[in-house]
Amino acid sequence: MTKRILAAYATREGQTMRIVGRLAAHLAAAGHTVEAINLGKYPAGGDPTSFDAVIVAGSVHAGEHEEEVCRYVTDHRDALSQRPTAFLSVSLSAAAGAESGRQRATEQIEAFLAETSWAPDMVEAIAGAFRTSAFSRPWRWMLKLVNRMARKDLLREGWPELTGDREYTDWAALERFGDAFLDHIDQGRLARSA
């Protein structure tokens with residue numbers, strides 16, 4: 001049976017938008033109707049009561065998820081609690097090779113869920129991208145300096161390289177997440193992943 005799925009997201013450099021677009025295409029290929037809404041452009045977002053299921057996606061900057069995502073979840077928490085939901089947290093922490101780096105991604109998600117008092121059915125940390133080309137010349141210079149100064153600490157914790165334009169998103173893992181979410185909707189299971 002075809003479901004109407006909302007994918008509400010916020011993005012800064014565009015990687016979360018790419019992730020949601022790829023996930024929406026995957027869910028649509030499975031026969032569902034997916035509407036993606038950029039909360040940065042449409043702060044009120046979609047009304048969750050018009051959908052059978054909702055995925056909320058946000059990226060982490062300076063250790064926190066976007067304000068638009070926090071506001072949307074807080075404003076619609078009751079409606080979200082009445083349907084299958086998932087939260088996608090996009091961060092560089094999720095790309096870290098060492099456990100301490102990945103633990104940071106988990107802490108960022110826990111902080112977001114505590115701040116919004118939301119309990120989605122599924123949660124997934126997914127690696128984003130780092131694009132120095134998106135920054136102004138002074139910012140690129142400062143990032144290069146910070147990267148040089150903290151390189152040993154970052155590498156020891158398994159952080160990805162913070163130079164140039166690099167994408168760390170695991171697209172196959174994203175599609176597996178989408179399949180698991182569809183299984184959850186179809187079978188009505190309350191599964192949680194992290």
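Before I start, one term: two strands pair if DSSP finds at least two bridges between them. What we have here is a predicted model.

Let me begin with strand 5 and strand 6. Strand 5 covers residues 85-91, and it pairs with strand 6 in the parallel sense, over 6 bridges. One of the contacts to look at is F87, whose bridge partner in strand 6 is V123. Strand 6 itself runs from residue 122 to 127 and is mostly covered, with 5 of its 6 residues buried.

Now the salt bridges. How many does the structure hold? There are 4, and I will go through some of them.

Take E68 and R12. Their closest N and O atoms are 3.0 Å apart. This pair links distant parts of the chain: E68 sits in helix 2, R12 in the loop between strand 1 and helix 1, and 56 residues separate them. Is E68 buried or exposed? E68 counts as buried because its relative accessibility is 14%, and the cut-off for buried is under 20%. R12, at 43%, is partly exposed.

Next, E175 and R22 form a salt bridge with closest N and O atoms 3.8 Å apart. Here too the pair links distant parts of the chain, with E175 in helix 6 and R22 in helix 1, 153 residues apart. E175 is partly exposed at 28% relative accessibility, and R22 is partly exposed at 36%.

Last, E107 and R104, again with 3.8 Å between the closest N and O atoms. Both lie in helix 4, 3 residues apart, which is about one turn of the helix. E107 has 36% relative accessibility and counts as partly exposed; R104, at 34%, is partly exposed as well.

Notes: Residues are numbered from 1 along each chain as its sequence is written. This is a predicted model: local features need pLDDT of at least 70, side-chain atom pairs count only at pLDDT 80 or more; totals for chains, interfaces and linings use all residues. Side-chain values use heavy atoms; hydrogens and water are left out. Buried means under 20% relative accessible area, exposed over 50%, partly exposed in between (1.4 Å probe, protein chains only). Helices (H or I, at least four residues) and strands (E, at least two) are DSSP runs, numbered from the N terminus. A salt bridge is a side-chain nitrogen of Lys or Arg within 4 Å of a carboxyl oxygen of Asp or Glu.
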